[in-house]
Each structure stands twice: as structure tokens, then as C-alpha cells.
Amino acid sequence: MSASPLVQVSDLVVNFHTRRERRRGSAPNAVDGVSFGLSADETLAIVGESGSGKTTVARCVVGLQAHQEGTVMFDGAPVGPVTRRSPATRRAIQMVFQDPAASLNPRMTVRSIIAETWRTHPSAAPDGRTWDAAIDELLADVGLDPDVGTRRATALSGGQCQRVSIARALALRPRLLVCDEAVSALDVSVQSQILRLLAGLRAARGLAILFITHDLGVVRQIADRVAVMHRGRLVETATADDLFERPGHAYTRKLLAAALDLEGA
Amino acid sequence: MSRMSKVTDQVAAELDPEPAPLLQVEHLSIDLPGPAGPVRVVDDVSFTVAAGRTTGLIGESGSGKTMTASAIIGLPPPGAAVTGRLLWHGDDMVTMAEQDRRRLRGRGIAMIFQDPQAALDPTQTIGRQVGEILRRGGMPAKEVRRTVIDLLDRVGIPDPQTRHAQYPHQYSGGLRQRAMVATALAGSPELILADEPTTALDVTVQARILALLRRVRDEEDTAMLLVSHDLRVMAHVADEVVVMYAGRICEVGSGREVLNSPAHPYTRALVVSVPAVRSRTAIAEPLPGSPASPAERPSGCPFHPRCAKAQDRCASEVPRMRQVAAGRQVACHFPEET
């Protein structure tokens, strides 16, 4: 691993306590002292069950969620909520959400969805050529025909929507892509298309990926390292091979034992 | 009531060596109104559900699996035109009087929905909802209470004496789904229809609910029609599977055989796209395109635009279901060797 990771999360604490709970100090934290690093061009998966805090961690990294304690360092500098981040940092960390249809504005065409990112971040806008050509190129990168550009999200399939979400993120030439259950809502025959796309983009662009999921099979296919969360805590972080072959924590073993496979049924 | 009919069935079985299957779906087609005329979302679907067996209905979005299930439970969406026959012990449910259908619902056929949170009434106690069908059948209140507590105990809800008086919000997702199973069992149905019963649940909870469903099949001798897109779930609970694509059936057979050696190229593509947990697999070679929509169903075999083995014939001629092995049927012009 390189000397300084792209993202370093240290002792992160997030809670959603009501005022009364805070006074009593009894309620658990949603994220309770989580630390991990993510180097450039690495794929780290955070796995856990619902309520384990994995999505909250992802939202802190993107800046959609403020944390109470600890630090999130990006490229060596601490970052807070997205409103207090520099435009350059905001550009560098992009997110792909779970529900492909809900994360795209149904009233906008695909072209305007992508162009909007450049109006927000003029520094990322393509110079020296027309935006149309740049959009065609982006659509091609995610495996979409140029004529998809004139359509609205409501006229697209789930897989196409997710490709548009990825194109929108790539439009800003990010260094980190945060995918929160980005393939969970897709049909299996489409899921492998998106996984291939993500793996290819990572290799071609040197993207770091933070991949949040509950699907251990998907994790095994695309992650370099895996962090297992349980009740707000990180119980184990290991390389994907180690985690699946030699799980160290009892909870990881329980999670692996419960996971179903097609084989051996 | 259904106990009675089970007894008469046994008598009938002794007289007649080939009893009719519990449920026979014959040439079922469903048309939904669309902006450009009716859309055939289920097209000429036939399969049977045997008593005491679990049949899995597999399909991706737009395959018509949920629509097929909704026709069987007798709750198709408004405006749907259902044709074909749905034979329940030989009686056609499509032409049956609404009154008789209603009697069947809950007692003959019960349903477990995907989202227990949405299917349970938040303002009623769990016990009241589980016992509703018993109360409506005229069972005295004391006996209802005792039966409900017994049901909750059977589906593995801890401390049913206290738990039956609680509300859905006091239950976790897994416990709510157990309560749904108890509700379904309350009418002693012969068939339980379960639509994605574990999709909304965490893996550890999912494993326990699947074990419960298997136990229900074995101990209560209840047949189950399980609707899911999750092949891993199917591999663990389905005795027989029916694979659907774009409103049509592409493959039918025993769950083990179909999922171990798929004969239809579509089933094969589904099977290889499931990532394994216990061994490292490469990301599957993806199928091109998206699942076909019934509104724009391709000519011939609906799968042909995505199929690597497709030839001219596949685009022009609809493949008929044909037997490739005992109990194994495939709708493909060029099926894989099994």
C-alpha cells in the first residue's frame, strides 16, 4: 500500500440521538469509532446488515452526513460536510446511489443531467470541444448509445439508469467513487454488466472505489479489501481473500455461514 | 375445512391412482391495458404445483412472475384480462363465483408478501391479525387466542404469550415476516404463495426464514409457490422450478437439475451471473441489453436478441415447450445438453 492513503477515516463517531438520549447518554452510536484507509485505485467494500452503519460511513466520506467525533481525511487534508468542502474536493468524491430511478431527475434528459454537473463545477467542464461531443464520449464509456442522451430517466431501464448515474459521476473526473448498494436493485443479468463496467473503469482511470453492500458474493468478485461492520463498529478489516478464506471475527464467520450459494444447496 | 378436504383427497387418492395436482395452471394469459392497446404480460403459461411440494417461479423484472401469482391468488391488477384455466383440485378458479374464490383465499391458498411492514396493519396487534381468519370462521375468542399463541410459537416467535399482544412496530423485520407466516398458516392452507419473502431481509435473518419455510412444508405438509428473482434462495428451498422470461416460460424442471445443468441459454446466463461466496468467481460474461419488456416482446423466442446461440429460426419461430428429460421441459430451439 502507498505511504499515504487517499482516504483515511479515523475514530469516526456518528449518532442520531434525540436531546433526551444525549442527556441520558445511554443510546448507542450509529457509527462508533470506525477507522480505515483507502488508497488510490483500491476497491474497499464495507459489508454489514441493515443498521450496521455502513451507509452512514459512506455518507460521511461523501459529506452528506456530519460526524460528531473523529476525522475524515481526503488526500491528506481533513474534510467535513459537503457544504464546507472546497469545490475541488467535492468534485473528487462522487457517489452512485442504490435506487437508479430515484437518483435521476425524471424531468431532465440524460444530456442535461450530465451537463448540469459541469455548470456546478465549471473547472471540470470540457474545454476546447463541444459539451455534446464530451457527453457522447462519456455515454460510450459507460456503454450507452448517444441517442440515450435525449431520453429522460423514466424511459430508461434500471441498468441504463445506473449507467447514467455512473456517467454523471465520471463527468467530474473523480478520484473516489462511493457506490452505496449500486447493483443491489438490478436484475442479476444486468448486475454483472455494471460490475464489469466498474471494474473496467477502475482499471482505466485509476479510480478508488468505496463499495457498500450486503451481497458477499459481489464483494468477493470486486473488492481488494473488505471491512465488516456490526452495530456501528468495524469488527474486521482484511484482504478479500483472507476474509473469505480465514475469517477472524466470530461475526464475520456468522455472516459467511448465513450467506447462500447456488452450489451445495 | 381444508383438513376435511385433505381427508377426502386421501380417500380419492386411494380410489383413483392419479389424483389431480393441487394446482394446474393451463394456458394462462394476462393482458393489461396499455397506452397503445392491451399488453400481454403473461403469455400462455402452464405448470402444475403438487401437494406438499415447493415450486419456485423464477424471473427478472417484467418476466410476469408476480402477475402469474396475482392471478392465482385471484387479485390481478384492475383492468387485467385473465384467460386460460387455473385448476384448483380440478375446479377452474378463473370462472369460479367470486363468493367461492373468497372462501378459498386464506383457507385454501394463503399469501406471504415481500414487505411484512406494508402487509401488516400498524394499528392492530399481531395476535389480532394472525387470528383474523380464525375469528371470521366463527372460532370462540378464547380458542382463537390459544391457537394464535400456538401459531406464533410454531413459527419461532419467542415469548408468544406476551408477543401476541404487541404491535408490528415492536417486531423486527425477521419477526414480522414470521408473523406473516403465522398469519398464512392460520387458515391451514394447502398452498402458500410467497412473493419474494426474504428479499427485504438481512442474510442471517433470511437463512432463518428459509429454514422456517422448509419446516412448514415438511411438518404442515403445505405446498408452496415461491416467487423470486433470487436463484440462491430457489436452490435452497424449491423442489421444482419454473423459469420465466418476458411473460413466457422458458424452462421447467426439478430445482436441483435446472440450477445445476440449465438447458435454456437464459437459465444458464442467470446461473453463471450469481456470484459465489464460498469460492472466488470472476464477474460473469454479461448478457447484452436488458430483460425484454412484455410491451416490446421480440419476435420468435423473446430471448433471442440477448442469446449467443441464436440463429435465424429463433427470431421467426416461437419455440414450443418440449420434454428434454423426465420432468424437464424447455422452450428453446437449441437447448444445452443436460
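**View 1. Helix 9 of chain B passes helix 10 of chain B in a right-handed crossing.** A crossing is called right-handed if the near helix is turned clockwise from the far one by less than a right angle, and left-handed if anticlockwise. This is a predicted model, in which local features need pLDDT of at least 70 and side-chain atom pairs count only at pLDDT 80 or more, while totals for chains, interfaces and linings use all residues. Residues are numbered from 1 along each chain as its sequence is written, chains are lettered from A in the order in which they are written, and side-chain values use heavy atoms, with hydrogens and water left out.

**View 2. Helix 9 (residues 173-186) and helix 10 (residues 203-220) of chain B pack at an angle of about 15°, with their axes 10 Å apart.** The two helices (DSSP runs of H or I, at least four residues, numbered from the N terminus) are therefore roughly parallel to each other, a label given to angles under 35 degrees. The axes are lines fitted to C-alpha atoms over the stretch in contact, and angles run from 0 to 180 degrees between N-to-C directions.

**View 3. Chain B and chain A meet in a contact that takes 38 residues from chain B and 32 residues from chain A.** Contact here means heavy atoms within 4.5 Å.

**View 4. The side chains of Arg280(B) and Asp241(A) meet in a salt bridge, at 3.6 Å from N to O.** A salt bridge is a side-chain nitrogen of Lys or Arg within 4 Å of a carboxyl oxygen of Asp or Glu, and the count between chain B and chain A is four.

Terms used: Angles under 35 degrees count as roughly parallel, over 145 as roughly antiparallel, 65 to 115 as roughly perpendicular and the rest as oblique.
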